[in-house]
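Hi,

Here is the structure I promised to pass on.

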Amino acid sequence: METPIDPGGTVLLRLNDASVVYPDGTVGLARTTTGFAAGAFCVLLGPSGAGKSTLLRSLNGLVPLSAGTVWAEGIGPLAGTADWRLHRRRTGMVFQQHQLIGRLSVLRNVLTGRIAFASTLRSLWPASVADRRIALHALDRVGLLDAALRRADQLSGGQQQRVGIARALAQQPRMLIADEPVASLDPATAARVLELLRDICRDAGIAVVVSLHQVDLARRFADRVIGVSAGRIVFDGPPSALDERALQAIYGPGLDPAIDPARTEPAASPSERPAFDGTGPLSAVA
Ligand code: ADP
């Protein structure tokens with residue numbers, strides 16, 4: 001499906017006639033042409049197995065296209081290794097399970113966002129002053145500067161996700177991709193994390209693409225909603241256009257939000273711990 005690219009900022013990334021067919025023949029993404037604009041907070045909705053992850057991961061090459069191209073502003077159609085390396089460096093990824101290294105400090109975790117800018121991993125030890133400044137700035141942006149020296153595994157789930165966002169911000173990205181970033185968070189924490197992502201999107205003019213399971217959160221935070229069903233984009237518009245007909249196109253007819261887990265909030269995570277309010281010196285970092 002060819003979908004309109006939302007108005008607003010510069011288009012930073014396009015999929016042109018892009019499709020993904022997995023080796024077993026499963027169509028993860030049917031032929032799709034669409035784009036993502038700077039400063040637009042785009043939410044992907046769809047039932048499990050619809051193709052949200054495939055679409056998201058095709059944007060930074062984690063899933064290779066079977067046909068078509070990915071085009072990035074300032075680079076063009078991504079062809080060789082050098083194109084993809086540059087594009088990935090400019091594209092931050094936020095994961096559902098944070099993927100932090102628990103025994104390392106929060107700051108060191110954020111500094112791993114700078115790895116793509118270093119010639120070798122070793123060059124991070126010790127991190128350069130410039131990289132530390134970028135990492136600390138990213139932590140400040142997510143409200144966790146005071147937690148810089150804590151072990152990452154001592155933070156609550158919501159705080160760990162904010163560290164994951166800071167790590168992506170440390171890449172100084174033009175685009176952020178987040179695959180179900182709030183799936184393991186309680187509703188209040190999930191809303192705070194999405195609010196943070198939306199604010200970063202607007203303030204920094206970054207294109208943000210997030211997959212979600214909660215229609216209500218998409219309505220609350222998205223500038224643009226893309227509905228995916230069976231590997232196809234079946235809805236593309238503002239949240240105000242997400243009426244019952246659109247929801248049926250995405251989730252199928254007859255689904256009751258009260259019993260369909262894909263359309264309701266997740267249960268609170270038992271691992272969620274109270275907020276950390278500690279302070280610590282920042283001079284002894286990394
Ligand atoms: P969603 O993120 O919406 O849950 P996915 O993008 O993960 O959907 O999956 C889309 C379709 O592709 C599903 O049918 C899924 O089973 C299939 N799929 C995903 N990854 C693979 C893979 N590595 N190999 C084969 N099929 C896959």
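Predicted model: local features only at pLDDT ≥ 70, side-chain atom pairs only at ≥ 80, totals over all residues.

Residues are numbered from 1 along each chain as its sequence is written, and side-chain values use heavy atoms, leaving out hydrogens and water.

Ligand first. Its surroundings (residues with a heavy atom within 4 Å) include Tyr22, Asp24, Pro47 and Thr54. Polar contacts are N or O pairs within 3.5 Å: a side-chain atom of lysine 52 sits 2.8 Å from a ligand oxygen, and a backbone N or O atom of serine 53 is also 2.8 Å from a ligand oxygen. For alanine 50, a polar backbone atom is 3.1 Å from an oxygen of the ligand.

Now the helices (DSSP runs of H or I, at least four residues). Helix 5 (residues 157-169) packs on helix 6 (residues 187-204) at about 15°, axes 10 Å apart, with axes fitted to C-alpha atoms over the stretch in contact and angles running from 0 to 180 degrees between N-to-C directions. The two are therefore roughly parallel (under 35 degrees).

Cheers

Methods:
Parallel < 35°, antiparallel > 145°, perpendicular 65-115°, else oblique. Polar contact = N/O pair within 3.5 Å; in protein donor to acceptor, adjacent residues only side chain to side chain.
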